[in-house]
Amino acid sequence: MTPSPSHDTLPGRRRFIRLAGGGVVLAATAPLAVVGCTAGMPAAALQPWSAPSDALEIREFMLAHALLAPNPHNRQPWIADLQEPGAITLFCDAGRLLPETDPFGRQILIGCGAFLELAVQAAAQHGRAVQVSLFPDGEPSDQTLPGGVRVARLAVGEPGSAEPDRLFAQVRVRSTQKGFYDNQRVLAAPLWQRLLRASPTQPSLLLGQVAEPARMAALRQLTRGAFEIEMLTPATYLESARLMRIGPTEIARYRDGISITGVMPRLLNAVGVFDRFAVPERGNDTHQRMLDHWRPSETGSGYFWMATQGNSRRDQIAVGRVFVRAQLQATADGFSLHPLSQALQEFDAMREARRTLHAALGLDPMEQPLQMLCRVGYALEPAGHSPRRALHDLLRT
Ligand SMILES: Cc1cc2nc3c(=O)[nH]c(=O)nc-3n(C[C@H](O)[C@H](O)[C@H](O)COP(=O)(O)O)c2cc1C
């Protein structure tokens, strides 16, 4: 998965745009109005991050928070059926999968797990417990995409059946920070401990940390290599390219995917110099631009990882629930977690990188598959939220 190039991370020597006729212009002086650029993220795409109205029915209140869950490529692969009174049925949206980078829907289901966790936390805020029944039609195969699957039925309990969750206050604050982190700051031991214990119940999960410089250096090299494999493999690169939303008009239209708000890529796109569908080749400009975007991903104070004993669909949901709790805990403690998923992916060209990463963490890829690998640290220039589709977009009533 590409890191979201939401910042202009192109180094100085690239601040010139090559024109088709062979000339160059300094991008900083280019007339922005001519190409129709307006800064930043469109407000409508961020509206779901505002506090929902108190008048919302409890299930809609739950969903208004659940849709803020972290999820791969911001696909937001969820449909919520409200036809049964007092219950929500969550379906995995078959039109929002990532068949190339996530061929078995493992990451998609982790996102669904995060969605369920936030729904449960929101209900608890109103004193209501939720009974979560996973996969009411039986657990789907771990070798096929889970599009259209009924992921869970959530039965909402009576007021007074649950206590508020201490992490709920972070739900509308949390975001995945993808920019540069401070390399000089160490994450204090109590913060690592709280991160590793963010969830009171962690059935069959293995969680770990890496903060020694030599091991961090090895992980940086490994994750960069995996990123390059994903970029240089046409099918996986193009999957990401199709999800690039360049500039406010595209972002407002789709409210998902990889938002590109930086002035430079928008300009390059507008003048036709940046073709998002040009697959990088080793040594060419697109390859270099992608490596430039990767640079922040090698900064930070360490790594946090999650693995499972076995790889059932329930395990994947549990990973999502615990992962979002870890991100909320990090938010409460003032630092960030950024998933770097490339080396975990199951497509053929990634096989060797995936094996090497498991070996580096002392895991057996068959018995203890790695589910999440995140860099951890303090964002130097915290960015805002990523877009979300409107609540009514996910509802089936
Ligand atoms: C299973 C999973 C895998 C992810 N992998 C990556 C990744 O490889 N690179 C990345 O930049 N973000 C990754 N993310 C973070 C998403 O891009 C992010 O959650 C999404 O864009 C929504 O943004 P938000 O978390 O700020 O709300 C991943 C998230 C999940 C749940």
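Predicted model: local features only at pLDDT ≥ 70, side-chain atom pairs only at ≥ 80, totals over all residues.
Trainee: OK. Which residues of helix α7 are buried?
Mentor: Helix α7 covers residues 247-254, and Gly247, Pro248 and Ile251 are buried in it. Seen down the axis of α7, the buried residues fall within an arc of 125°, so they line one face of the helix.

Trainee: Why would residues a few places apart point the same way?
Mentor: An α-helix has 3.6 residues a turn, so residues three or four places apart point the same way.

Trainee: And what is on the other side of α7?
Mentor: Thr249 and Arg253 are there, and they are exposed.

Trainee: What covers the buried residues of α7?
Mentor: The cover includes α1 (43-46), β8 (244-246), β9 (258-260) and α8 (263-270).

Trainee: What comes just after α7?
Mentor: Arg255 does, with a positive phi of about 55°. Arg255 is in the loop between α7 and β9.

Trainee: Is Arg255 buried or exposed?
Mentor: Arg255 is buried, because 23 other C-beta atoms lie within 10 Å, and the cut-off for buried is 20 or more.

Trainee: What does Arg255 touch?
Mentor: Leaving out residues up to four places away in sequence, Arg255 touches Ala45, Pro387, Arg388 and Arg389. As for Asn74, its C-alpha atom is 8.8 Å from that of Arg255, though the two residues are 181 residues apart along the chain.

Trainee: How much of the contact in the protein links residues 24 or more positions apart?
Mentor: Such pairs account for 80% of the contacts with a separation of 6 or more.

Trainee: Let's change topic. How many helices and strands does the protein have?
Mentor: There are 12 helices and 13 strands. Of the 397 residues in the protein, 43% are buried.

Trainee: In what order do the strands of the five-stranded sheet run?
Mentor: The order is β5-β6-β4-β3-β13, in an open sheet with mixed pairing. Its edge strands are β5 (128-134) and β13 (395-396), each pairing on one side only.

Trainee: How does β5 pair with β6?
Mentor: β5 and β6 (residues 150-159) pair in the antiparallel sense, over six bridges. Gln131 stands opposite Ala155 in β6.

Trainee: Which helix packs on that sheet?
Mentor: Helix α2 (residues 58-66) does, touching β3 (78-81), β4 (87-92), β5 and β6. The direction of α2 makes about 35° with that of β4.

Trainee: What about the four-stranded sheet?
Mentor: That sheet is open too, in the order β7-β10-β12-β11, and the pairing is antiparallel. Its edge strands are β7 (205-210) and β11 (336-339). The twist averages 25° from one strand to the next.

Trainee: Which residue is the bridge partner of Leu337?
Mentor: Val376 in β12 is. β11 and β12 (residues 370-377) pair over four bridges.

Trainee: Last topic. How many residues are in the largest nonpolar core?
Mentor: The core has 78 residues, and those with the most contacts inside it are Leu90, Cys112, Phe115, Leu118 and Ala119. Helix α3 (residues 106-125) gives the most to this core, with 12 residues.

Trainee: What is Leu118 in contact with?
Mentor: Setting aside neighbours within four places in sequence, Leu118 is in contact with His65, Ala66, Leu68, Ala69, Val171 and Val324.

Definitions and conventions:
Residues numbered from 1 in each chain as written. Pairing = 2+ DSSP bridges. Helix = DSSP H or I, 4+ residues; strand = E, 2+ residues; numbered from the N terminus. Contact = placed C-beta atoms within 7 Å. Axes fitted to C-alpha atoms, helices over the stretch in contact; angles between N-to-C directions. Buried ≥ 20, exposed ≤ 12 C-beta atoms within 10 Å, placed from the backbone. Arc of directions from axis to C-beta. Core = buried A, V, L, I, M, F, W, Y, C linked by C-beta atoms within 7 Å.
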